[in-house]
Amino acid sequence: MTKPPALTRAVERGLAPFRGRRAAHLLPRARLGGPMPWVIAIMVALTVLAAGGGLALDNLSDRARGDLAGSATVQIVEADPRQRDRQAQEAAAILSQDGAVEELEIVPQERVEQLLEPWLGIDNPQDTVPIPALIDLRLTDDADETTLERLRHLLAERAPAARIDAQAQWLAPVLSALSALGWAALGLIGLLAFTGAAAVWLAARNALGTNRDTIEIVHLLGGNDDQIARIFQRSILADAAVGGTLGFVIGAAAVWLMGLQFSALDSGLVAGGGLQMSDWLVLALVPVGAVVLAVLTARFTVLATLRKIL
Amino acid sequence: MAEDEIVQFDNVGLRYGTDREVLSNVSFTLFPGRFYFLTGASGAGKTSLLKLLYLAQRPSRGAIRMFGTDVITLPRDRLPAYRRRMGVVFQDFRLVDHLSAFDNVALPLRVAGVREADLQAPVADMLEWVGLAQRADARPATLSGGEQQRVAIARAVIGRPDMLVADEPTGNVDPEMALKLIRLFEALNRLGTTVVVATHDVHLLRKVPDSLIMRLDKGMLADPTGALRYPPRRVGAGT
């Protein structure tokens, strides 16, 4: 019997990594696989949903903030219609001369009545309830309190019934709620990532226990920790890739359908929450992240366990 | 330690947990190219001593040098390189259940990074040699005890190790196959491989006239003359 030349060359090459299909072949597929692709699919689908929701909320919040940042409303709260109209005209004239005001519009009475119709009905509400005159202001900069205070001072003499408020102030609680929902989505993604990693950790430990004899043999034949970890990584990689793809398809379809539902509401605020192409790219990174997380979790679990044996 | 000493145990002791020592003050030297039998009654500590030899266990005390290196203090990530220089036949075979006989025998070569194309012929030759060419695709569960043992032996010697460690390698085979396996070990030994065979079969000892016998008794190595610890040099041994 002569020394196999193949082995001589391998020894000369040094410790070549034992990986790929041959290495994966060492573990019975079903033992490591099991429900793992489904667990990862569910995790990815939920993460895509949470991330999609979070991104939509972020877009909505950004757009609302952008729209409202330089906007303010002047209300002329005066019961006498003639006085109200006069003060509205005076206020518009004064404000249009001010450098801080980019544009303004006296909201037509019909449109104000239209806005109030759901609450006051259609039978000439102005006859029963005094309705303030409204002026929409678009400022050159943000509608901060200093600017508004200066404008109030300007109007104080000739339009004493005028009240000026930043539009963002009205929506502040809504924007705050949207921001909270965004953080909640982020927290949910974190929890899902943690749960997914924990599931992979459990699966890897279970697979290590089930395949302990095989691992010990590879170990005693001179296999190193990295080689053994690669066997598990490859197995979990296949599971995670299948689960991740499936989960992304399910999650993305759900996000897309929900987007269609919301866009059908035809609401200005909700319409601002649509997803951009960059958002879809971010969602596409979810399954990639899941695969990386699963493979790294499996690797560190296996290496940590192997370090306990000689 | 001279360079040509392959293994040196110096006052090695081994205990599992807080139990009494299963090996006490074991000291011996193994030279390359020699054939050693390790004997002793059941429970004498043969398997424990072999575990220390094939680096599956660290001793509780004492010093062990293998291939010129202190393997006690060696970082564990450097141990695989030393394990690859050894072939091991386990008492319970320890074949991988879901792999065929061929894949089991090929395993050390694959672990060592041998290309698939390069291992086909050596593995087929080895299976032919142990009389299992026709059972290359069989799983261990479908092989008899003797066939499993031959696969285990083929796996241990396929990589032409520097040292072969075999724990009761003839325990499950008929006398004819036992003799054939011993002849295989001798052939390997003639090529320079140090062979250590643990056995309680005293008849086997007579089959290899040049062999050295290490006898364990209740965890102690019987070496009244110190010949195992300080063996006389054999001119040209292992070279």
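I went to B:Leu55 and found it in the loop between helix H1 (46–53) and strand S4 (61–66) of chain B. Helices (H or I, at least four residues) and strands (E, at least two) are DSSP runs, numbered from the N terminus. This is a predicted model: local features need pLDDT of at least 70, side-chain atom pairs count only at pLDDT 80 or more, and totals for chains, interfaces and linings use all residues. Residues are numbered from 1 along each chain as its sequence is written, while chains are lettered from A and ligands numbered from 1 in the order in which they are written.

I checked the backbone next: phi of B:Leu55 is near 60°, positive in a residue other than glycine. Most residues other than glycine have a negative phi.

Is B:Leu55 buried or exposed? B:Leu55 counts as buried because it has 24 C-beta neighbours inside 10 Å. Buried means 20 or more other C-beta atoms within 10 Å of the residue's own, exposed means 12 or fewer, and partly exposed is in between, with C-beta atoms placed from the backbone.

I looked up B:Glu168 too, in the loop between strand S7 (163–167) and helix H6 (175–190) of chain B. B:Glu168 is not a glycine, yet its phi is positive, about 45°. With 20 C-beta neighbours inside 10 Å, B:Glu168 counts as buried.

Then I turned to chain A, which has 12 helices and 4 strands. Of its 310 residues, 34% count as buried. I traced an open sheet of 4 strands in chain A, in the order S2-S3-S1-S4 with antiparallel pairing; strands pair if DSSP finds at least two bridges between them.
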